[in-house]
Amino acid sequence: MTYQSQAVSKLYFMAAIGLFVGQILFGVILGLQYVIGDFLFPAIPFNVARMVHTNLLIVWLLFGFMGAAYYMVPEESQRELHSVKLAKLLFWVFLGAGVLIILGYLLVPYAKLAEMTGNSFLPTMGREFLEQPTIGKIGIALVCAGFLYNIAVTVLSGRKTVINMVLLTGLLGLVLLWFFSFVNPENLVLDKYYWWWVVHLWVEGVWELILGSLLAFVLIKTTGVDREVIDKWLYLIIAMALITGIIGTGHHYFWIGTPSYWLWFGSIFSALEPIPFFMMTLFAFNMVNKRRRDHPNKAATLWALGTGVMAFLGAGVWGFLHTLAPVNYFTHGTQITAAHGHMAFYGAYVMVVLCIISYAMPKLRGRVANSNKAQVVEMWAFWMMTVSMVFITLFLTAAGILQVYLQRMSETPLPFMVVQDKMAFFYWMREVAGVIFLLGLIVYLVSFFIKGETEKAPKLVRDPAAFESQ
Amino acid sequence: MKEAFTKSMARNIYYGGSLFFVLLFIGLTVDTHRKIPKTDNSQAITESVAHGKRVWEENNCVGCHTLLGEGAYFAPELGNVYERFGNSKEAIKAFIKSRPVNGIPGRRSMPQFNLTEEELDAIADFLEYTNGIDTQDWPPNIQG
């Protein structure tokens, strides 16, 4: 850690990991409810558990992005953070608001929560992922705006690098697009149209800028490859992400009452969306191969490579699988979508946040890297979580194929609930994989408490110049 | 990458490409706004339909169901439920009203939302309106 103010990121990373644990616990509950329909009913019905699962994911990833920014930006800008006080204040506000929202979901019937928070004044609740009470959404907007201000002042008054400028652009996009969460017209088609401006343009748009920038930062630090090379890759990756991803929004405009030309725009551009993710894989492996130092933090490098591969598989391959309109006609809104959603979120965003945490956390705790022993445990967690996520995805894909066939393609299409019973085998297998994911997460938590001898500085590979601060 | 391909070329592709596609997207959005009155069934939006959408949202129906394929995949698609229930709003209302408070042992069951008669009418009207949206013939069949 070069700058004192970077220390504030530790708070954010710890909150992120804590909420991650909550997310996975509710994931395991949901998986069980798929096969034991009355599990925890009516105390925690499926819709409540699902809100908690997805909202915790969003909130902890935001904590992760914020922590990453607070860690990276001082180092990139070569100055202290504009205001550590503001960063700490916003942390507690965000955590408090997040916890209140989740408790609201769990303790009060949703309709009552809507009434209590005055949803009728500005109705924004009850839409997938945007279930937060309106006042909560305003809170998120304020926290994100304050965060953006803190980062922007630091970046703009310090050294400007491609990495911190791309990060800033991504964060600006994140904040601006959030305003569409307040757009909720009575016309369902328009409601859905703009709902995607938050959901799609976040995860298949501006979040990819944040992802690219985090990945580039960790790769510079761990490989010592020349900044010029990294910057070029970063620009090309985010260029392809936006060139394909913006019009790629059209793959959500196939069946919601929008004009038919979206079938073409959506199919063609979203078919190209795997390109930036494939470039990320190439990028990560190329940089590691060309490394000029052997950084003692092997775990962080593993997460970086893992992000490249899993983001490509989850977002790229599994996205492409059902993105062409003639295919999507049959797969839309089935377990195929769920399969893609799980691996894409894990591979792209969960892994990149765990990657930066893996790199930054040892430094925040006063060492270049964790002991070999601790890293081995962390790598076990990497493999347990990653492999079980692959299996979750495969089982959900199998379930989805069965569903598509029985409900939509066979000569005598069966009703939804009849088909669900026939898919139970795959749901059980998914639940087993989910439990292994949870075990992997526990191993991950344990890795933070493992001591052992730590190395002080990176070992040289080829070029002594690599030691110079990049 | 080759030296001939410089960082500034990469940067220009990023700025130029993004700007172009942002503008194209905005253009398509304007055009979509112009065209959707033909497909969005908006002439059917009454006060009761608007109220029904609110009831739909404030009970988080999308937390289990899909609507035009979007939402959770735990319970049936409802974009075409009006048709599936024999074009009967009464059937929709009766189903919602009949849900047991403590669920069904071992099986998935919709919660009992204790909706008023007015809310039941509104949600049924909303689902009838949704059924009338032109969705390029999706879903493939009546089962959703």
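# A tour of chains A and B

Start by selecting A:A43, which counts as exposed at 59% relative accessibility. Here exposed means over 50% relative accessible area, buried means under 20%, and partly exposed is in between, with a 1.4 Å probe and protein chains only. The model is predicted, and local features need pLDDT of at least 70, side-chain atom pairs count only at pLDDT 80 or more, and totals for chains, interfaces and linings use all residues. Residues are numbered from 1 along each chain as its sequence is written, chains are lettered from A and ligands numbered from 1 in the order in which they are written, and side-chain values use heavy atoms, with hydrogens and water left out.

**Stop 1: the loop around A:A43**

A:A43 sits in the loop between α1 and α2 of chain A. Helices (H or I, at least four residues) and strands (E, at least two) are DSSP runs, numbered from the N terminus.

In the loop between α1 and α2 (46-77) of chain A, select A:P42. The peptide bond that joins A:F41 and A:P42 is cis, with omega about 0°.

**Stop 2: helices α1 and α3 of chain A**

Select residues 9-35 of chain A for helix α1 and residues 84-107 of chain A for helix α3. Two packed helices are described by the angle between their axes and the distance between the axes. The axes of α1 and α3 of chain A come within 11 Å and cross at roughly 10°. Axes are lines fitted to C-alpha atoms, for helices over the stretch in contact, and angles run from 0 to 180 degrees between N-to-C directions.

α1(A) and α3(A) are therefore roughly parallel to each other. Angles under 35 degrees count as roughly parallel, over 145 as roughly antiparallel, 65 to 115 as roughly perpendicular and the rest as oblique. The crossing of α1(A) past α3(A) is left-handed, a term for a near helix turned anticlockwise from the far one by less than a right angle, with right-handed if clockwise.

**Stop 3: a nonpolar patch in chain A**

Select A:V432, A:V435, A:I436, A:L439, A:I442 and A:V446 together; they form a nonpolar surface patch with about 460 Å² of accessible area. Patches are made of residues with over 30% relative accessible area and no salt bridge, with like charges joined within 9 Å and nonpolar side chains (Val, Leu, Ile, Met, Phe, Trp, Tyr) within 5 Å. Accessible areas come from the Shrake-Rupley method with a 1.4 Å probe, and for residues only the protein chains shown count as cover.

From this group, A:V446 lies in helix α16 (residues 424-447) of chain A. A:V446 is partly exposed, at a relative accessible area of 41%.

**Stop 4: a salt bridge between the chains**

The structure holds 18 salt bridges over all chains. A salt bridge is a side-chain nitrogen of Lys or Arg within 4 Å of a carboxyl oxygen of Asp or Glu. Select B:E70 and A:K192, which form a salt bridge whose closest N and O atoms are 3.0 Å apart. This pair crosses between chains, from strand β2 (residues 70-71) of chain B, which holds B:E70, to helix α7 (residues 188-223) of chain A, which holds A:K192. Both B:E70 and A:K192 are buried.

**Stop 5: charged pairs in chain B**

Select B:E128 and B:K89, whose side chains meet in a salt bridge (3.0 Å, N to O). B:E128 lies in helix α5 of chain B and B:K89 in helix α4 of chain B, so the pair ties together parts 39 residues apart in sequence. B:E128 is partly exposed at 28%, and B:K89 is partly exposed at 29%.

Next select B:K93 and B:E117, a salt bridge at 3.2 Å, N to O. B:K93 belongs to helix α4 of chain B and B:E117 to helix α5 of chain B, so this pair ties together parts 24 residues apart in sequence. B:K93 is buried, with a relative accessible area of 4%, whereas B:E117 is partly exposed at 43%.

**Stop 6: backbone details in chain B**

In the loop between α4 (89-97) and α5 of chain B, pick B:N114. B:N114 is not a glycine, yet has a positive phi of about 50°. B:N114 is exposed, with a relative accessible area of 63%.

Move to B:Q136, in the segment after α5 of chain B. B:Q136 also is not a glycine and has a positive phi, about 55°. B:Q136 is partly exposed, with a relative accessible area of 24%.

End at B:P139, in the segment after α5 (117-131) of chain B. A cis peptide bond, with omega about -5°, joins B:W138 and B:P139.
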